[in-house]
Amino acid sequence: MASVSEESDRPEAERPGAETSGTARPAPGSPAPGGSAPGDRESGRLGSDRPQSGGQEPGGQEPGGSEPGGADAAGRGSGTVVPGRPEARALVARRINPARGLGDRVFRLQLTATGVAVLAVMAGVGLFLLLRAGQALRTRGLSFLTTAAWQPDVHNFGIAAVLTGTVLIACVAVVISVPLAVGTALFISDVAPRGLRRTLVTMVDLMAAVPSVVYGLWGLFFLQQHVIGLSRWLSEWLGWIPLFTVDGTQPGEPLASESVFTASTFVAGIVVALMVAPIQCSVMREVFSQAPAGEREGAYALGATRWGMIRSVVLPYGKGGIIGGTMLGLGRALGETIAVYLIISPVFVIQPHILQTGSNSVSSLIALHYGDASEFGMSALMAAGLALFLLTLAVNFTASSVVARSRSGAQSEA
């Protein structure tokens, strides 16, 4: 006869009187199924009050307090008993409740309301300009886009000249500001020491906070006299290009008057470039800093230099940020008013020569004639503002479509 210690070391399923799946397992030498050994009747009667392995507690509940067929406290399903191992149960996946909580619903509602409000404001601005410009647009029709003169009192006006000047000033600003912004953003994100980065970021952000009138005054009284030499040099060496031609001067003539190079599109473009470069740099810097670290290290591991890593990893990844920052600066340059108004000499002829004195823009036109405009003249100014509004929207939507196809913001696969 086995000792007590040997009996306790045997698995529960092999002990005499143990049950599997709720049925008593007959011991060796016991009668046929349906009967029981005389020595087992008392132990079976005493053990009937205890919950059996794989069975249910009184009240129809599983051990541990779980409902029949439900999930226990650990999120596991009750499942079925595995034969030979009553303690093992088949796991059942917990059902996930797709319903959103109150916080998620409130947050979603706030975002939806914000997006709808922005679209409503834009639509309201466009509708207001369209209604106020209706009288002028009905009078001129499509000739409003092709007429260079601005004489609304005699119904002879158009935006051909001011729209050309606006586009030229913005293009000059973007050509100068984009290389400056890209170089500064790359230096801050990938070249500058860690201790110097925060100082450079603060300085760039402070440049964006300077009022436009300060830039205008600085360009008028300081920058313009120092740019005349550069304008003369460009006219002498690139004067064969119509864009750099200056009427009234001859190449190599040192005594030519300097007044023909003042108040030009080029000077206004440089000032606007310095105004929009901090905004572009901030956008590009944020995108460059998010380039995947795994790909950076992989480029270095393959033997790339720092410039090789920037060219093969950072610039392709940040293409969306470059385009987005450029278009954001272009939109700002198209609508710049005070700085351009202080620098340029307004002319109402199509002036494609950026180095020559005389230019114009839609925003400076509105600022110049808003105070003394008649009722019809105000309608004409509203029509010019509507054209600038539509042009800015077209630029921003084009930039959004290009940025949406870029890889900026994607997660690293390394």
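Start by selecting His155, which counts as partly exposed because its relative accessibility is 39%; buried means under 20% relative accessible area, exposed over 50%, and partly exposed in between, with a 1.4 Å probe and protein chains only. His155 sits in the loop between strand E5 (150-151) and strand E6 (156-157). Helices (H or I, at least four residues) and strands (E, at least two) are DSSP runs, numbered from the N terminus. Although His155 is not a glycine, its phi is positive, at about 60°.

This is a predicted model, in which local features need pLDDT of at least 70 and side-chain atom pairs count only at pLDDT 80 or more, while totals for chains, interfaces and linings use all residues. Residues are numbered from 1 along each chain as its sequence is written, and side-chain values use heavy atoms, with hydrogens and water left out.

Next, select Ala263, in the loop between H7 and H8. Ala263 is not a glycine either, and has a positive phi of about 50°. With a relative accessibility of 11%, Ala263 counts as buried.

Stay in that loop and select Glu258, which lies between helix H7 (212-238) and helix H8 (265-288). Which residue forms a salt bridge with Glu258? The partner is Arg232, and the closest N and O atoms are 4.0 Å apart. A salt bridge here is a side-chain nitrogen of Lys or Arg within 4 Å of a carboxyl oxygen of Asp or Glu. Arg232 is in helix H7, 26 residues from Glu258 in the chain. Glu258 is partly exposed at 47% relative accessibility, whereas Arg232 is buried at 16%.

The structure holds four salt bridges. For another, select Asp190 and Arg296, whose closest N and O atoms are 2.3 Å apart. Asp190 lies in helix H5 and Arg296 in helix H9 (residues 293-301), so the pair ties together parts that are 106 residues apart in sequence. Are Asp190 and Arg296 buried or exposed? Both are buried.

Then select Arg285 and Glu286, whose side chains meet in a salt bridge at 3.5 Å, N to O. Arg285 is buried, with a relative accessible area of 9%, and Glu286 is partly exposed, at 42%.

A cavity is a set of points on a 1 Å grid over the protein atoms alone where a 1.4 Å probe fits but cannot get out, and its lining residues have an atom within 4 Å of a point. Grid points are joined across faces, edges and corners, and a volume is the space filled by probe spheres set on the points. There are two cavities of 30 Å³ or more. The second largest cavity has about 40 Å³ of space. To see its lining, select Ala161, Thr164, Gly165, Val347, Val349, Ile350, Gln351, Ser359 and Asn360. This lining has four nonpolar residues, five polar and no charged; Ala, Val, Leu, Ile, Met, Phe, Trp, Tyr, Cys and Pro count as nonpolar, Asp, Glu, Lys and Arg as charged, and the others, Gly among them, as polar.

Finally, colour the chain by pLDDT, the predictor's confidence in each residue, from 0 to 100. The chain averages 80, and 74% of the residues score at least 70. Confidence is highest in helix H5 (residues 160-191), at 95, and lowest in strand E1 (residues 19-20), at a mean of 42. Select residues 1-78, where pLDDT stays under 50 and the model has 62 contacts beyond four places in sequence; contact means heavy atoms within 4.5 Å. Where pLDDT is low, the predicted coordinates should not be read in detail.

Conventions
On a 1 Å grid over the protein atoms alone, a cavity is a set of points where a 1.4 Å probe fits but cannot get out, and a pocket is an open set with protein on both sides within 12 Å along at least five of seven lines; lining residues have an atom within 4 Å of a point.
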